[in-house]
Amino acid sequence: MTAVSDPSQLSDLIAEATDTRVNLDFESEGMTLNMGPQHPATHGTLRIVAKLDGEQVISAEPICGYMHRGYEKIVEVRTYPQVNALINRIDWLGSFANEVPFILAAEKLMGVEAPPRAQWIRTILFEMSRVANISLFLGDFGLQLGGMTAGFYAFRDREHVLNMIESATGGRFHPNFDRIGGLKDDLPKGWIADSHVAMDKLLAFCDEMEDLLVGNEIFQSRTRGIGVIPADIALNYGLSGANLRASGIDWDLRRDGCPPGLVYDQADWKVWTHPDGDCFARTWVRLQETREAAKIVKQLLDTIPAGPVMAKVPRIIKVPEGEAYVATENPLGEMGYYIASKGDLVPFRVKIRSASFNNISILPWVARGAYVPDLISILGSLYFILGDIDR
Amino acid sequence: MRTWLSAGRVNQLSSTDTATDSAAENEAVVETDAAREAVLAELTERLGAAVLGSYIRPGDDLWVRVERSAWRDAAEAAKSMGFTFFDYVSAIDWLPSPFGRDMDAQEDLVVSGAEPKAPAPIVQGYAGGDTRFQVIARLYNIATAKGIHFKADVPDDDLSLPTWSGVFAGANWHERETREMFGITFDGHPNLINMYLPTDFQGFPLRKDFPLLARRVRPWPGIVDVEPMPGVADSEEGEAE
Amino acid sequence: MTPLLASFDPPYWLSTVIKVLVVGAVVPTTALILGVVFLFKIMSWMQSRLGPQEAGPRGLLQLLADGVKFIQKEDIAPNGADLWVFKAAPLVVLSSTLLLYVALPASAHLVVEDLDVGVFYVLAISSLSVIGVLMAGWASANKYSLMGALRAAGQLIAYELPMVLAVIGVVIQAGTMSLNGIVFAQNGGAVFGWTGIGNPYILTQFIGFFIFIAAVQAELTQPPFDMPVAESEIVSGYQVEYTGFRFLIFFLAEFATAFVFAGIAAVMFLGGWAVPWLEASSDWYYVLGPAVLFAKVMLVSFIIFWVRFTYPRLREDQLQSFAWKFLIPLALVNIVATAVLKVVF
C-alpha cells in the first residue's frame, strides 16, 4: 500500500527515484539534472533532482535517505549508555554536541544533576565541537566555490581542536564521553593550558579565513544577495542555528532556552545576527560564532571548579516513567531529543529532532530561480551533515 | 549565583554555590508555572472543547492533547499566539513491543525456561490518550522562549489527520516521514511520498509490531563479560544486564 | 659557431622533420615541468601540505608515473557517445597547442618558423581549441559535459577579445607583428633615453599585461574562470567522460598551453629571450636564449598559478560581464592611450 494510488504517477515516481543514470533526454520544459548521491558539492550522499531551464533552476527537489540508519528504531532496544555511543554518529563533525541533549533529557527524567565541574567540562567540550564543526564549514565552503586552499587550511587548523578533544575523551571524532550524571573521566594533566593554545590558534585561523574568503571580492559576488531567506519563512520552516540568526532573528538556545546542565551564563559572550539572510550573511554569522565559541572556551577554562565529575547514579540506569524534550544549540542548529520512557532499561520512544532536516527542507523554496552555481552556494551556506538529515 | 531548575529530586554532591536559595527556587518555579498556565488557558479559550487533556511540568514544558478534527485549528491558534517557530511533527506508538526488549539472549531464555509474557496493556503518556497511535508536534515561541507540545489521538481504523503544511511549511517533510514510518496519512498534504525508504517499501518500520530485522537475523548475544579497569571501585558504569 | 650553423642548410623535408620532432618533444616536456613544479610542488607549499613524495626523488617524477599510468589504461567510451567526434576532440585541442609552439621563439634563430605575423597567427590558432572543447562536450552524451562545453564556448570566445586588444598596444609600440621583431624592439629600445634595461613593454603596457594575464587565465579555464570545469559542481565539465590516454591529452594540452601563453607573455611584455645588457644579435643567445625565456616563463606561470590556487570561481554571468564590461573597455582605453603616446613621443 503506498500513498500514491494513480498508477501512471506511481510509475513516474519509481522511474525518477531509480533514475541514477544521467541520460540525455531533452524534455520540452527544461532539462532534468541529477546531482546524484555521489557529488563533490554535497556533504555526503544527498541527491538533488533539478529541473533546469538553461542555467536557471525551475525546481530543485532533494532526495534523502541514502544514509538512513533507523536510529529511532534501534534505540528502542538499546540501553541508555549504548544509545549514547550511537548518537555520536548523527552529526559526526561535532559529535560531542549530539550526546548532550540526550543526556540532559535522561537526567531530567531521573532527577539527577551533574556536579558543577562536569557541567563546566561539558560546556567546554560542547563549544569545542562547535569550533571543530564550523571551522570545517568555512574551509569547505571555500572549497565548493573553487578556492581550494581554504579547505586545506581548515583541515590543518582543525587538528588542534581535535587533538584536544582526543586527549580528553579518547576519540577525535566520536568521543562518547558524556554519561548520565556527569562525564566518563576527568581531564588529563596540562589540558587546560594546551586548550588555551589551541583556541588561540583557532582564533588566528578565523582571522585568516576572514582575509582569504570573506574579504575576497569574488566570494562576495558569489554569495551576496544569493539565497535570501526572509525571517518569517525561516521560522515557518523551522530553520535554526546560524541560518536563523543570519535572517535577523536574535535567537540562541544557549542564551534564551538553555537547559540546566550547561553553564553558558558563566561566560561573557555575544549572539551574532545579520539582517540580510543571504549566503554571505550565513557564512559571516558562522565565522563570528566560531570566534565567540573559542572565547567562551577560554573563559570557561579559567573558571573550572574543582570536584567530582560524576554524580551518584545507580550502576544500572533505569530512567523513571515520563516524557522529556531537551534541545540545545548544536553547531548545525537546534538539536533535540524527545524521550518517552516507561521506567525501563531502554527508552520507549526517542524522537530525534535534527537541525539539518529542517534546514534542507527549505531548499525547494530557496532554489527557485537560482542558477546552478548558486545552488551550490545555497547548499553550502545552509550547511548540513548527511547524518543529521538522514539519522 | 545560579538557580538550578530541576525536574525533581536534585542530587548535588558539591557545588560552587555556598548557599542554595530554595525559597527563590520555589518562587521561580511558581512563576513559570503561571506563564504556562496562562498559555494553556488561552488555548482552551480559543479551541474550546477540542482540548482533551494537558500536562505542565513546572519550569519545563507544556503538553496539550487536542481532538483530531481540531488539529489544524490548534496550529493556527498557537501560531497567532506567537508560537511561530516550527519544531517537529512525529508520532508515538504506545503499544508495548511484542518482541520485548530484545536484550535477553535466546540461550538464556531457553535454559531458564522463561514463560511467554502476557501482552502488556497500552498506557499513554502525558496529557492522556485513548488510542494506540498519537501524533505529537512541537512549536516554539521565540519571544517568550516557551515551547508547547501538541498531541492528538489517531484511531486505529482511520489513521489520518489534517495536515499542518498549510500553516507551517516545514511540516511538509516531517509529515512525509511520519507517514512512511507509522502509516498515518495527512489529509491535504500536497506530496505524501516516502522520505527515506524506497518507494515500494512494504510496512511501517517505527510501529512496535514491525520487528527490528537486525535482531531477528542475529539475536543479541547476551551479557558481554567486561572486566572493570584495574584498581577502580565499582562506582563505574557497567554493561547492562 | 655561426659559420658552422650557417653552412648547415638542410633540405626542406629534413628541416621539417626536425621541426616536427622538436615540437613533439618540447610540448610534453614543458607540460611536465609546469605540472610538477606548479601543480604539485608550489600548490602543495601554498596549501601547507607536502604533495607527492614517492615517485622519484622528493616526488619529482610523479607526473611521469602518472603519464605511464594513463597510457596503460583501458580505452572506454560512454554508451551513447558519438565515437568519432569523441575520439577526435582531444586531438583537436592538442593540435592547437602544438601549432602554437611553432611561433614561440627561443632565440633569434631557435624558432620553428619565424613568422612575420607571429602575433596574429598565435591569437588565431589559440581559438581552435574552442572547437575541440565543444566536440568533447557534445560527444560525451552527458548532461554535465554539455553544460561544461556550453559554458566553455561562451567563456573562451568572450575572452579572446581582451587578449587580442591587450596585445595591440604592444604591436603599436613595437611596430611589428613578428615575435622576434618584438624581442629586438624591446632589447634595443630605451626608457626615456636610458638604454640600461632596454624597453620591456611591461613598463608602459602594464594595463595590457594585466588584461593579457586575466585573459590567459580564462583561456586555460583556470580559477577564477574555471566554470567549464568547475570541480565541485559539474565535476570536470566537458572532460568528465574522458579517461586514460584521452584525458592525458587534455591534461598535456592544458599545461603546454599554459607554458606557451606564458612564453608569449614573456616575449611581448618582458623582453623574451633577450637580456637587456646583451645585444640581441649576439651568438650567446643560442644557449642563453632558451634559459632566459624559461626563467621568464616560470615567473609568469607563477603568477598564473598563484591566482589559480587562491581565488574562488566566478559565476558564468559574472565572468562574462567581467570580460565584456570591464576588460574590453579597459583594453580599448589602453590602445587609444598607446597610440596617442606613441605619436607624441
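Predicted model: local features only at pLDDT ≥ 70, side-chain atom pairs only at ≥ 80, totals over all residues.
In what order do the 5 strands of the open sheet in chain B lie? Residues are numbered from 1 along each chain as its sequence is written, chains are lettered from A and ligands numbered from 1 in the order in which they are written, and side-chain values use heavy atoms, with hydrogens and water left out.

The strands of the chain B sheet follow the order β1-β2-β5-β4-β3, with mixed pairing. Strands are DSSP runs of E with at least two residues and helices are runs of H or I with at least four, numbered from the N terminus; two strands pair if DSSP finds at least two bridges between them. From one strand to the next the twist averages 20°, where axes are lines fitted to C-alpha atoms, for helices over the stretch in contact, and angles run from 0 to 180 degrees between N-to-C directions. Within this sheet, β2 (residues 61–66) and β5 (residues 146–154) of chain B run parallel and are joined by 4 bridges; B:Val64 stands opposite B:Phe150 in β5(B). Helix α2(B) packs on the sheet, touching β2, β4 (133–141) and β5 of chain B, and its direction makes about 170° with that of β5(B). Contact here means heavy atoms within 4.5 Å.

A nonpolar core is a set of buried Ala, Val, Leu, Ile, Met, Phe, Trp, Tyr and Cys residues joined through side-chain atoms within 4.5 Å. The largest such core has 188 residues, of which B:Phe150 and B:Trp164 touch the most other members. Its largest share, 15 residues, is contributed by helix α5 (residues 116–145) of chain A. Beyond its neighbours within four places in sequence, B:Trp164 contacts residues including B:Trp71, B:Phe86, B:Leu139 and B:Phe150. A second, separate core of 84 residues includes C:Val112, C:Val122, C:Ile125 and C:Ala214.

Rings of Phe, Tyr and Trp (its six-membered ring) pair if their centres lie within 6.5 Å, with planes under 30 degrees apart counted as stacked, over 60 as edge-to-face and the rest as tilted. By this rule, 36 aromatic pairs are found over all chains. B:Trp71 and B:Trp164 form a stacked pair, 4.9 Å centre to centre with 20° between the planes. B:Trp71 belongs to helix α2 (residues 71–80) of chain B and B:Trp164 to the loop between β6 (160–162) and α4 (171–182) of chain B, so the pair ties together parts 93 residues apart in sequence. In chain C, C:Tyr159 and C:Phe225 form a tilted pair, 5.1 Å centre to centre with 50° between the planes. C:Tyr159 is buried at 0% relative accessibility, as is C:Phe225 with a relative accessible area of 4%.

In chain A, 3 strands form an open antiparallel sheet in the order β6-β7-β8. The twist averages 10° from one strand to the next.

Terms used:
Buried < 20%, exposed > 50% of the residue type's maximum accessible area, 1.4 Å probe, protein only.
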